[in-house]
Amino acid sequence: MTQPLRIALAGLGTVGGGVIRLIETNGTLIARRAGRALEIVAVCARDRSKDRGVDLARYQWEDDMTLLAERGDVDVVVELVGGADGPALALARRTLGAGKGLVTANKAMIAHHGMELARIAEEAGAPLKFEAAVAGGIPVVKGLREGAAANRIARIYGILNGTCNYILSTMEQSGRDFAEVLKDAQDLGYAEADPAFDIEGIDAAHKLAILAGIAFGGRIDFAAMEISGITRIRSADIAQAAALGYVIRLIGLAESEDGCLFQRVQPCLVPRTHPLASVDGPTNAVVVEGNFSGRLLFQGAGAGDGPTASAVVADLIDIARGDTGSPFSVPVAALDSLPPADSGGRRARAYLRFTVTDRPGVLAEITAAMRDAGVSIESLIQQGRPEEGGEVLVAMVTHEGPESGVARALELLEGSASITERPLVMPLLG
């Protein structure tokens with residue numbers, strides 16, 4: 001009989017518990033599909049006494065998780081601790097260096113250290129898998145690395161953070177403002193007590209960097225990522241987008257341009273006719289455009305114990321079958337170093353929102369700056385008129401043009417006494 005794949009599990013939180021339950025529940029089915037059983041032999045977590053709703057008595061316990069990599073009865077270590085550096089990275093290096101497989105859901109670690117870990121894995125002949133690091137249970141990493149492997153990818157983009165998507169779609173449905181909906185998301189468990197990584201776009205950027213590396217055969221360059229979050233979006237912006245036939249979504253987009261790589265996470269106006277417009281709640285969706293496959297849409301739960309555990313176990317099944325291919329589709333030495341693309345030459349329509357003092361001449365000042373920067377205005381709306389001396393919102397949509405034009409117009413308006421806060425700019429997804 002074929003020997004089981006022996007697994008050590010570091011981290012027994014929501015996902016770790018989900019991995020144990022999944023292997024226990026579907027063990028017979030998994031063994032048939034993998035060609036051998038998956039057997040957890042050792043575990044590690046911070047609190048040994050905590051009740052996690054699963055029976056841990058059958059597993060060996062390690063207080064120092066890096067020792068999991070040295071156990072002679074372990075073939076693969078599953079890292080579910082999190083964090084770009086620290087213990088998780090030490091465990092990853094030690095595991096791969098020992099020639100053992102590593103499965104991780106740690107998007108930050110892969111985004112910042114993926115190239116190093118892939119090199120160690122290749123030198124040791126050890127598998128490195130991270131399907132669960134991007135979009136939970138959606139098999140988008142496998143879809144890119146295998147299903148779309150024959151295609152030249154033109155661009156990849158999508159909704160990569162469920163917390164932000166829940167907030168934006170709830171604002172859209174309820175008319176409430178950001179802070180109130182964020183609190184609801186925290187109460188429901190969709191947002192952390194400190195939600196900065198989600199709402200500032202960092203989490204989505206980690207995922208996009210990983211997908212871009214696979215899609216375009218380039219080395220991950222997280223430092224080149226342009227990142228904007230959703231904290232400045234108001235209910236008035238949601239309403240104005242709706243009036244124009246759009247919804248607002250946080251979109252991560254990567255695109256290859258003349259040997260350069262454009263990577264950005266930013267709120268965008270998405271046409272209601274686009275597949276991403278109907279994605280609401282804590283859902284993820286990724287669009288991949290291949291030159292022969294056409295548009296591919298991957299959609300599903302982007303987080304949670306069940307979906308993320310499903311992705312982890314799918315990686316374990318691949319390892320049990322003997323799949324030890326290059327983590328980023330091609331060997332690290334063959335990955336290109338793609339310089340960042342200049343975003344100024346990108347052409348798009350844009351939504352701009354200004355918060356201004358309510359006094360004569362303000363609109364003329366804004367439109368003059370647009371004219372001098374060569375930006376053509378398609379529509380302009382002043383939203384509401386408070387009492388004398390108050391503030392109003394001025395929203396406009398530009399005709400298609402280079403992003404450098406909008407940037408130049410905003411430079412001309414810097415320091416204006418009429419504008420009371422930094423203008424908000426969101427491209428219209430085309």
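Colleague: Which residues of H12 meet H13?

Modeller: In this predicted model, Glu365, Ile366, Ala369, Met370 and Asp372 of H12 meet H13. Their partners in H13 are Ala409, Leu412 and Leu413.

Colleague: How many residues of that contact are nonpolar, and how many are charged?

Modeller: The contact of H12 with H13 has six nonpolar and two charged residues, and no polar ones.

Colleague: At what angle do the two helices pack?

Modeller: Helix H12, residues 362-372, packs against helix H13, residues 403-413, at about 135°, and their axes are 8 Å apart. An angle over 145 degrees would count as roughly antiparallel; H12 and H13 are therefore oblique to each other. The crossing of H12 past H13 is right-handed.

Colleague: What is Ile156 in contact with, leaving aside its neighbours within four places in sequence?

Modeller: Ile156 is in contact with Leu144, Leu208, Leu211, Ala215 and Phe216, and also with Gly252, Leu253, Ala254, Val286, Val287 and Val288.

Colleague: A new topic: where is Arg71 placed?

Modeller: Arg71 is in the loop between strand E3, residues 60-61, and strand E4, residues 76-79.

Colleague: Is Arg71 buried or exposed?

Modeller: The relative accessible area of Arg71 is 15%. Buried means under 20%, so Arg71 is buried. Apart from neighbours within four places in sequence, Arg71 is in contact with Ala42, Gln60, Glu62 and Lys100.

Colleague: What separates the C-alpha atoms of Arg71 and Ala204?

Modeller: They are separated by 35 Å, and the two residues are 133 residues apart along the chain.

Colleague: Finally, where is Thr95, and what does Thr95 touch beyond residues up to four places away in sequence?

Modeller: Thr95 is in helix H3, residues 86-97. Not counting residues up to four places away in sequence, Thr95 touches Ala69, Val77, Lys100, Gly101 and Leu102. Thr95 has 0% relative accessibility and therefore counts as buried.

Methods: Residues numbered from 1 in each chain as written. Predicted model: local features only at pLDDT ≥ 70, side-chain atom pairs only at ≥ 80, totals over all residues. Heavy atoms only, no water. Contact = heavy atoms within 4.5 Å. Axes fitted to C-alpha atoms, helices over the stretch in contact; angles between N-to-C directions. Parallel < 35°, antiparallel > 145°, perpendicular 65-115°, else oblique. Left-handed = near helix turned anticlockwise from the far one by under 90°. Nonpolar A, V, L, I, M, F, W, Y, C, P; charged D, E, K, R; others polar. Buried < 20%, exposed > 50% of the residue type's maximum accessible area, 1.4 Å probe, protein only.
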